[in-house]
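Please look through the sequence and the structure shown below before reading on. The report that comes after is meant to be read with both at hand.

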Amino acid sequence: MPFDDFVGNGLMVQAVRSQLASGRLPHSILFAGIAGVGKWTLAQYVAKALNCNQRQNDFCNDCTICRRISEDVHPDVKNVAPDGQFIKIDQMRSLSREVFFKPFEGRRRIFIIDEAERFRDESANSILKTLEEPPDTSILILVTSRPNDLLPTIRSRCQTYRFAPLSAEEIARLLQGRASCQPEDRRLLARIACGSLGKALALDAQEYRAQRDEMFSLLEACSRNFLYANALRAASSWLDKRKLVEFEAKTGILFTLLRDLFLLKSGAKANALTHTDTLGRLTPLAAAYSFGQLSKATRSLDHLEAGARRNLNRSLAADQFILSLAGTC
Ligand SMILES: [Zn+2]
C-alpha cells in the first residue's frame, strides 16, 4: 500500500518496484529531476521496502524498522548531505568504508546521498570504485536536481531514473493531504508550482496574489491610456534595488502572465492558462496587446532578468520593457 501512495511518475515507480521484486535493483542508482518531485522520498521508500519485515517488496511504514528509517536512526540506512557547501572527501571516505560492513540488523544497507551535484571533484573521484563495485548487501542512491553538474564518470556508473515534473492535478492531490489552505489556494499553488510539490509548499498563496496584482497593474498601466510616469510608478516596487528576492518572484510572475496573454490571443482554452482564476483581467489585456508587443516585451524581460543577475542597471532594461509593451519602440 505505501508504494501506491507515491504520487507522480507512475511508470518509473512501477519499474523500481519490479526491479525490487525480481531482486534486480541496481546497486548504484541516480535519482534525477527538478527539486520537489519526490526523489528523496522514493529513495526512503526503497530503503524501507528492502528492510521492512512486515511486507514483501513494499513496506508498512508502521513497524519499528520503518519508523526508525523515517526518523533517520536506523543503523543500516544512512542519509548523507553536503557538509556546508560541498560533499567532502572525508564523508565519502567513511562512506566507502561503511558500504562494505554487513547489515547490522536489516537485509540491506542503503546510502542516500542528497544534493549529489555538490561533490567536490576529489570526493567524487574517491567513490568511483565504490559505485563501480558495491557489495551485494549495499545500495547507493544519489539524488540530484542538477544531474549535468555531476562528473560523467559518476553518472556512467549509476543507473539513472529521471523524475518528470508533477502535473497540477498531482500537486493539488498532494497539497490536499499536507497544506491547510483553502481549495482555491490549493488550485492556484498547484498551477504555479511548475511541477514541484516542494515549490508549492514553499509558496504563500496570499503573498503570491498580492505580487500578481502588482504585476497586473503594471501591464494595465502599459496598455490603454499609456502614460510613462504611471507605468514607472506601477513598476517602482518591482524595481526596488533593496528587494532582490521579490524582484525575482515578480519577474517570474510577469513571464507567466505574458505567456498566458500569448495563449489567450492564440485562442487557447482557459484551462491551459496558469492564471485561469484571473480571466477577467487577462482578457482585456490580451485584446489590448499585439503579438509583436508581447514578443518584444518578453525579450526585454529576458534581458532585464539576465542583467539583474549580473548586477547591471535595471532601470534601463525596465524602460525597454515598458516601452516595448506600450508599443512605442
Ligand atoms: Zn515496516
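## The chain as a whole

The model described here is predicted, and its chain contains 16 helices and five strands. Taken along the principal axes, the C-alpha atoms occupy a box of roughly 75 × 40 × 30 Å. Of the 329 residues in the chain, 46% are buried, and the accessible surface comes to about 16,600 Å², with 49% of that surface belonging to carbon and sulfur atoms.

When contacts with a separation of 6 or more are considered, 70% of them are between residues 24 or more positions apart. As for charge, the chain carries 45 positive and 37 negative side chains, and the centres of these two sets lie 3 Å apart.

## The zinc site

Which residues are the protein donors of the zinc ion? They are Cys52, Cys60, Cys63 and Cys66, each through its SG atom, at 2.3 to 2.4 Å from the ion. Along the sequence, these donor residues follow the spacing C-x7-C-x2-C-x2-C, and among them Cys60 and Cys66 are both buried.

Why is the arrangement around the zinc ion tetrahedral? The four donor atoms subtend angles of 101 to 117°, and four donors count as tetrahedral if all angles lie between 85 and 135 degrees, so the arrangement is given that name. For comparison, the ideal angle for four tetrahedral donors is 109.5 degrees.

## Two residues at the start of the chain

Asn9 lies in the segment before helix 1, and it counts as buried because its relative accessibility is 14%, where the limit for that term is under 20%. Leaving out residues up to four places away in sequence, Asn9 touches Val37, Arg162, Phe163, Ala164 and Leu166.

Arg17 is found within helix 1, which covers residues 10–22. Its relative accessible area is 18%, and therefore Arg17 is buried as well. With residues up to four places away again not counted, Arg17 touches Phe3, Asp4 and Asp58.

Arg209 has its place in helix 11, made of residues 205–221. Apart from neighbours within four places in sequence, Arg209 is in contact with Glu184, Asp185, Leu188 and Asp277. The C-alpha atoms of Arg209 and Asp302, which are 93 residues apart along the chain, are separated by 23 Å.

Phe255 belongs to helix 13, residues 244–265, and, not counting residues up to four places away in sequence, it touches Thr298, Leu301, Asp302 and Glu305. Thr137 is 118 residues away from Phe255 along the chain, and the C-alpha atoms of the two are separated by 49 Å.

## Two loop residues with positive phi

Most residues other than glycine have a negative phi. Cys194, however, has a phi near 55°, a positive value in a residue that is not glycine. This cysteine, Cys194, sits in the loop between helix 9 (183–192) and helix 10 (197–202), and it counts as exposed because its relative accessibility is 54%.

Where is Asn225 placed? Asn225 is in the loop between helix 11 and helix 12 (228–235), and its phi is positive, at about 50°, although it is not a glycine. With a relative accessibility of 72%, Asn225 also counts as exposed.

Terms used:
Residues numbered from 1 in each chain as written. Predicted model: local features only at pLDDT ≥ 70, side-chain atom pairs only at ≥ 80, totals over all residues. Heavy atoms only, no water. Donors = N, O, S within 2.8 Å, 3.2 Å for Na, K, Ca; no water. Tetrahedral: all angles 85-135°; square planar, octahedral: opposite > 155°, others 65-115°. Buried < 20%, exposed > 50% of the residue type's maximum accessible area, 1.4 Å probe, protein only. Helix = DSSP H or I, 4+ residues; strand = E, 2+ residues; numbered from the N terminus. Contact = heavy atoms within 4.5 Å. Areas by Shrake-Rupley, 256 points an atom, 1.4 Å probe, with all protein chains shown as cover. Lys, Arg positive; Asp, Glu negative; His and termini not counted. Charge placed at Lys NZ, Arg CZ, Asp CG, Glu CD.
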